[in-house]
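Hello,

Here is the structure I promised to pass on. Please open it next to this message; my notes follow below.

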Amino acid sequence: MDKRRNPNNSDTHRQCADCKRVLPRENFQAANAKHDGIFNYCRECNAKRNAASYEKKKEYIANRRKELKRT
């Protein structure tokens, strides 16, 4: 067995890499580039990560938009 594969992942369930809950595969978004076709993070954790990333970049994005409007 591959050492890197998580034993909690199966054809019907997957373990979220962030919250560590084992959830049905329907709770994960599709990712065509991944070997098994789904993301490592559940939809809930993915939304939290995206919101945190947006908040971190919000000021930069606002300043960049203003700068682009001036030119």
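**Arg 14 and its surroundings**

The side chains of Arg 14 and Asn 40 are joined by a polar contact of 2.8 Å. Keep in mind that this is a predicted model.

Where does Arg 14 sit? It belongs to strand β1, which covers residues 13-15. Is Arg 14 buried or exposed? Arg 14 has a relative accessible area of 7%. The cut-off for buried is under 20%, so Arg 14 counts as buried.

Its contact list, without residues up to four places away in sequence, runs as follows:

- Asn 8 and Asn 9
- Arg 21, Val 22 and Leu 23
- Phe 28
- Asp 36, Ile 38, Phe 39 and Asn 40

**The nonpolar core**

Which residues form the largest nonpolar core? There are 6 residues in it: Cys 16, Leu 23, Phe 28, Ile 38, Cys 42 and Cys 45.

Ile 38 is a core member, and Arg 14 is among its contacts. Setting aside neighbours within four places in sequence, Ile 38 also touches Arg 25, Phe 28, Gln 29, Ala 30 and Ala 31. Phe 28 is another core member, and Arg 14 touches Phe 28 too.

**Rings and charges**

How many aromatic pairs are there? The count is 0. Arg 49 lies over the face of Tyr 41, at 3.9 Å from the ring centre.

**Arg 5**

Arg 5 is in the segment before β1. Its relative accessibility is 43%. Arg 5 and Gln 29 are 24 residues apart along the chain. Their C-alpha atoms are separated by 19 Å. Gln 29 is one of the contacts of Ile 38.

**The chain as a whole**

The chain has 1 helix and 4 strands. From the N terminus on, the order is β-β-β-β-α.

The C-alpha trace spans about 55 × 25 × 20 Å along its principal axes. Of the 71 residues, 14% count as buried. Among contacts with a separation of 6 or more, 19% come from residues 24 or more positions apart.

Best wishes

Terms used. Residues are numbered from 1 along each chain as its sequence is written. This is a predicted model: local features need pLDDT of at least 70, side-chain atom pairs count only at pLDDT 80 or more; totals for chains, interfaces and linings use all residues. Side-chain values use heavy atoms; hydrogens and water are left out. A nonpolar core is a set of buried Ala, Val, Leu, Ile, Met, Phe, Trp, Tyr and Cys residues joined through side-chain atoms within 4.5 Å. Buried means under 20% relative accessible area, exposed over 50%, partly exposed in between (1.4 Å probe, protein chains only). Contact means heavy atoms within 4.5 Å. Helices (H or I, at least four residues) and strands (E, at least two) are DSSP runs, numbered from the N terminus. A polar contact is a pair of N or O atoms within 3.5 Å; within protein, one must be able to donate a hydrogen and the other to accept it, and residues adjacent in sequence count only if both atoms are side-chain atoms. Rings of Phe, Tyr and Trp (its six-membered ring) pair if their centres lie within 6.5 Å; planes under 30 degrees apart count as stacked, over 60 as edge-to-face and the rest as tilted. A charge sits over a ring if NZ of Lys or CZ of Arg is within 6 Å of the ring centre and within 35 degrees of the ring normal.
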